[in-house]
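Visitor: I am new to this structure and would be grateful for a close look at a single part. Could you please take me through its aromatic rings?

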Amino acid sequence: MAKTVKAPINKKKETTSTSTQKIQISKQQKIVFGTMLVLFSVALLLAFISFFIYGQQDQSAVQELTNREELVQNWLGKFGALLADTFVYKGFGVASFIFVRLFFLSGLYLIVGIPVKRLKNIWFWDLFAIIILSILFGFFATSLPELGGIIGYELNLFLQDYLGKTGTLLTLIFGLVIYIIFKMKLSPETIQSFFDRSKENTIESVNASTKNESNSNYNLEEFAVDEEEKDDIHLKTNGNQFEINKEALKPTISHASDIVRDPVTKPLSMVVAPQREPEIIKNTEDTFVIEKAAEEDIIEENLASRLVADFGLFDPTLDLSNYKFPVIDLLKEYSTGGITINQAELEENKNRIVDTLRNYKIEIAQIKATVGPSVTLYEIVPEAGIRISKIKSLEDDIALSLSALGIRIIAPIPGKGTIGIEVPNKNPTMVSMKSVIGSAKFQEAEMELPIALGKTISNETFVVDLAKMPHLLMAGATGQGKSVGLNAVLTSLLYKKHPAEVKFVLVDPKKVELTLFNKIERHYLAKLPDMDDAIITDNAKVVNTLNSLCVEMDNRYSLLKDAMVRNIKEYNDKFKARKLNPENGHRFLPYIVLVVDEFADLIMTAGKEVEVPIARLAQLARAIGIHLIIATQRPSVNVITGLIKANFPARIAFRVTSKIDSRTILDTQGADQLIGRGDMLYTNGNDVVRVQCAFIDTPEVEKITEFIGAQKAYATAYLLPEFIGEESGINLDVDISERDTLFREAAEIIVNAQQGSASLLQRKLKLGYNRAGRLIDQLEAAGIVGPFEGSKARSVNILDMSSLDQFFNNEQNN
């Protein structure tokens, strides 16, 4: 009997999720609690002041608070009398006024939004001062218990019993010295600088009086005194300025040391470790929790230091503030209870691998099995002196002995001293999109464009960032899972990104694969202004869309240049911080993802007209947030040229029929040994990872799009700039009455610059591309600029402003 044991995978996920739960306090709760603390501090202040005025009269009333006939003089009534009696008389005396400051600052920090951890330093030193002052007043003012309070009086007697009066006084002096040095930042250097400044002020006053006396002397003496005074004043001004700068730097340096003390130690261990070894941190739960807590503390410090800049951040999601992301329940769970391990199958495969290798005189020192959803990885360590190439050559013999659909040998496994043999499972487990989307690795991924592709052989969710790829090439034979892979990519982005943050340009020559996404047209899709459907199914319209994306790319690069940033993330951060003026053409830039379902059909029908804009986008569009996902059956040289392929470092290969096709896609073999049904290899220019692609069916995609489409949307889809081709100036309107109101101003700019281009009018007149293009067409129709000349700027037919004025005068006379 074959014994099946379920792998304990879900327990680790549950313990990780429960250990990372934290109590969250909303902004409204902080404001309410902060307001309460501020009002309580005001109440304490009024109660304390009135205590020193009417305290003796209210002394008896405090003992009988339940008696409503008893009258008190305190400004806050019996409650205020009780507070003052508790804090002042029975507490710390006059030092209790420091509590007013503490509660007021605590409430103010909560209202404004400064992290409460900054109050730790204030609370510590103020409580220290309260204790020292109460003992000090209890030491000197024994006849007035209100000054030191009962606590200060009793602490004073306690210290005197053990230290005596002299020892108690010395202890209090030591406490004051500690407070002055650490809290007031008083040092010998500051005292010396104070005396130096007072000395220089005295010298300046003496020089001023000397100058007044010298005014009554002869002109020669006056001239001499003035020259000496100028030199003296010049030297002293420089001296004073140096001293002032020196004093101004001292608190800055000390304050910087307080802030930078933590970031120097914590971020280095935090940033380097998760990026280089994320799996290790995921598996070691205690280390992960500690590192995560340190990261949150550092973020709070950064927000507090940038409070003024971040207080009014622009939020691009406010247009759809009530938008709700799709719930995970919309996806279907296909697998039942995770992976099942068949011990008999593993033992049988292990014995066959060992026997086959022994037949060829290859001994094995160690063998280990890792069970995945559809493939099991057997890691073997051969005996010393065995050639790796000899094992690789036995690929077909091992497949024959195992009766397997196709095995793949990895010799050696990168990062390990072992040889891997991947053997398909007899009963593969389907990886559902629900299990991938609901995994902690995807939900907690801090990526710009996270994509959950599926699960690896070790049953870990495989998540990659499209923004870092930066373009993705998917290839494989017909029916091996390319379209399902595209749906998985789009679903991942729908579950993670708001409609204001990402837009899709979908090209579907098959006309049936991506049509379900029509329901989210006004949420997520982008299109040309004159197009009826956002999803492009006609190959003739693809050329205009690709050229329009090139225009969008050029416009975005102009915005990045004006904003003096290098990529879209820096630009959007600067725009959110309100450092860019929308009146100058700046706007929030969403990511744009171009998805082409069958690129080979596009090349066959459009040819070079498609290749040029695709090559431009592949080379330049990464920094401004335009990313390409291209799927094809076989990226041969005539379909994906070398220029395009060089800019697609991220490749996904589904099952192909030959080793040549595998090398064409991945530059290495292995894709021909896949078992199909979503089994794929992923590479980003480094190692090749085998992944079982997550399966998402058409009804699931339909539920997701219906959920999003039923919500409030934008007025239209995201409009791409209109592309003006070479023949845009043939049938132009020459009617003067229909010219743009900025026609003359545009003509003056063109003539002055002697350069006819729409981008020049965009910058000078702060216009959109469409209006600037129409102005160029009208200027061409009027004969001011020449025809379109490809990449060159149009020629200007009018040389100077006088000729332009004469041109307009002739038009008016006619």
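Guide: What follows is an account of the aromatic rings and how they pair. The model is a predicted one. In it there are 19 aromatic pairs. One of them joins Phe40 and Phe103, whose ring centres are 5.2 Å apart and whose planes stand at 85°, so this pair is edge-to-face. Its two members come from distant parts of the chain, 63 residues apart: Phe40 belongs to helix H2 (residues 27–63) and Phe103 to helix H4 (residues 97–112). Phe40 has 27% relative accessibility and therefore counts as partly exposed, whereas Phe103, at 16%, counts as buried.

A further pair is formed by Phe48 and Phe97. Here the ring centres lie 5.5 Å apart and the planes meet at 75°, so this pair too is edge-to-face. Because Phe48 lies in helix H2 and Phe97 in helix H4, the pair ties together parts that are 49 residues apart in sequence. Phe48 counts as buried because its relative accessibility is 0%; Phe97, at 26%, counts as partly exposed.

The charged end of Lys496 sits over the ring of Phe442, at 5.4 Å from the ring centre.

Notes
Residues are numbered from 1 along each chain as its sequence is written. This is a predicted model: local features need pLDDT of at least 70, side-chain atom pairs count only at pLDDT 80 or more; totals for chains, interfaces and linings use all residues. Side-chain values use heavy atoms; hydrogens and water are left out. Rings of Phe, Tyr and Trp (its six-membered ring) pair if their centres lie within 6.5 Å; planes under 30 degrees apart count as stacked, over 60 as edge-to-face and the rest as tilted. Helices (H or I, at least four residues) and strands (E, at least two) are DSSP runs, numbered from the N terminus. Buried means under 20% relative accessible area, exposed over 50%, partly exposed in between (1.4 Å probe, protein chains only). A charge sits over a ring if NZ of Lys or CZ of Arg is within 6 Å of the ring centre and within 35 degrees of the ring normal.
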